[in-house]
Amino acid sequence: MDPIRRARRLTWVMITSGLLTMWVLIVASSVAAHVEGTFSWWRAVPALIAAGGLTWLYPRMADAILDRRYPTRQVVVAAVLALVAAGAGGADPAGWGFVLVAWLGIAMLGVSIRTLVLQMLGTWAAGVTLGLAPGAMALDVPTDREFFYCALLYGLWCVVLPPSGRVWLLIWRLAVEAHEGRDAHTRLVVAEERLRFSRDLHDLVGHQLSAIAVKTELAVRLSDKDAGAAKAEMAEVNTLTRKALKELRQAVRGYRELDLAAELNSVEGVLEAAGVRSETRLPYRELPEGVAPVFAYAVREAVTNVLKHSAATFCRITIRFTDEEAELEVRNDGAVERQSEDLGSGLAGLRERLAAAGGKVSAQPTGDGEFVLNAVVSLPIRG
């Protein structure tokens, strides 16, 4: 059985268990009255009918409350039936009077504290009044002892027993919220995985296809002039294709992490093949831990945009860092109008990657025909 259904059934049983206690006390008090010779059928019959009506309404009220619907009309009808049953039966708090307590046990679920207190006081007052009325519990004139007995026992029932139902209701609602939270977490994980895969796929396909397109175009131009060079370019196309397939499989498995040095070598070759003079400026010290994979993605995305969205003749890649932050700058000329608005989803994906590592990305033209992409991460890097 589904755990949430099992929890609901258990809560429902515990809430309605007051009915079992009610009928046990009714039967016990009726048997005792019969043995003592005080049992009266003309009072027992209407009391039994009213108690039966309350029993019929009880589980329906419990279902409504578990569904977060307070059954006001049913609660009012049940209150009338409880008063009739208790009054006709004698309202002994250890017998027919427990019908009032059973009603309180269901009526107080899902109400405010103020309403709860009023219900408890009302039930206590009704029980004591009915229990001490002339003729109730076979009493002609109630004594101080009977008053103390009714007041104390009704007070004990009203304070101790019904609130336990609120505890069970709270446990049920916490279980529902935990279940809903788990479902929401599962949906979030799936959404994040889809986003990761689409972002990785864009990085892979965008960069590799751009490189393959450049190499293929160069091979076509060289085919009539230098067959050997054209053949070499097509060999590189084959290598790029195999690399793209390998990285695509790794992206599907979720284990891909780019190598910055290999990525710099790769983009340098692609840029030169496209006729773009490249220049790389790296720090003499080894990059802090975690920076290289993040910047590798940024280099790939930046160079892909240089090839796709500019008429660049040179591209300079600069990496520097201090104790507080590391920065990547990719600068190229030949920026076309509105280039920053035409970068597509790749830049958005790069911003998400940098944000996850505690960094940020900016990309805009400089006003003198150049375009600059800056990626900055705080140190030590997170994520």
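A salt bridge here is a side-chain nitrogen of Lys or Arg within 4 Å of a carboxyl oxygen of Asp or Glu. Keep that cut-off in mind while touring this model, which is predicted. By this rule the count comes to 13 salt bridges.

**Stop 1: Arg 320 and Glu 327**

Select Arg 320 and Glu 327 and show their side chains. The two form a salt bridge, and their closest N and O atoms lie 3.3 Å apart. Colour the pair by accessibility next. Arg 320 is partly exposed, at 37% relative accessibility. Glu 327 is buried, with a relative accessible area of 18%, because buried means under 20%.

**Stop 2**

Is Glu 329 buried or exposed? Glu 329 has a relative accessible area of 11%, so the residue counts as buried.

A salt bridge joins the side chains of Arg 331 and Glu 329, with 3.5 Å from N to O. Arg 331 is buried too, at 17% relative accessibility. Arg 320, Glu 327, Glu 329, Arg 331 and Glu 370 belong to one network, joined by salt bridges that share partners.

**Stop 2: a nonpolar patch**

Leave the charged residues and switch to a surface view. Select Trp 41, Val 45, Leu 48 and Ile 49. Together they form a nonpolar patch on the surface, with about 420 Å² of accessible area. Pick out Trp 41 from this group. At 58% relative accessibility, Trp 41 is exposed, because the cut-off for exposed is over 50%.

**Stop 3**

Return to the cartoon view. Which helix holds Trp 41? Trp 41 is in helix α2, which covers residues 41–66.

α2 passes α4 in a left-handed crossing.

Terms used. Residues numbered from 1 in each chain as written. Predicted model: local features only at pLDDT ≥ 70, side-chain atom pairs only at ≥ 80, totals over all residues. Heavy atoms only, no water. Buried < 20%, exposed > 50% of the residue type's maximum accessible area, 1.4 Å probe, protein only. Patch = residues over 30% accessible without salt bridge, like charges linked within 9 Å, V, L, I, M, F, W, Y side chains within 5 Å. Areas by Shrake-Rupley, 256 points an atom, 1.4 Å probe, with all protein chains shown as cover. Helix = DSSP H or I, 4+ residues; strand = E, 2+ residues; numbered from the N terminus. Left-handed = near helix turned anticlockwise from the far one by under 90°.
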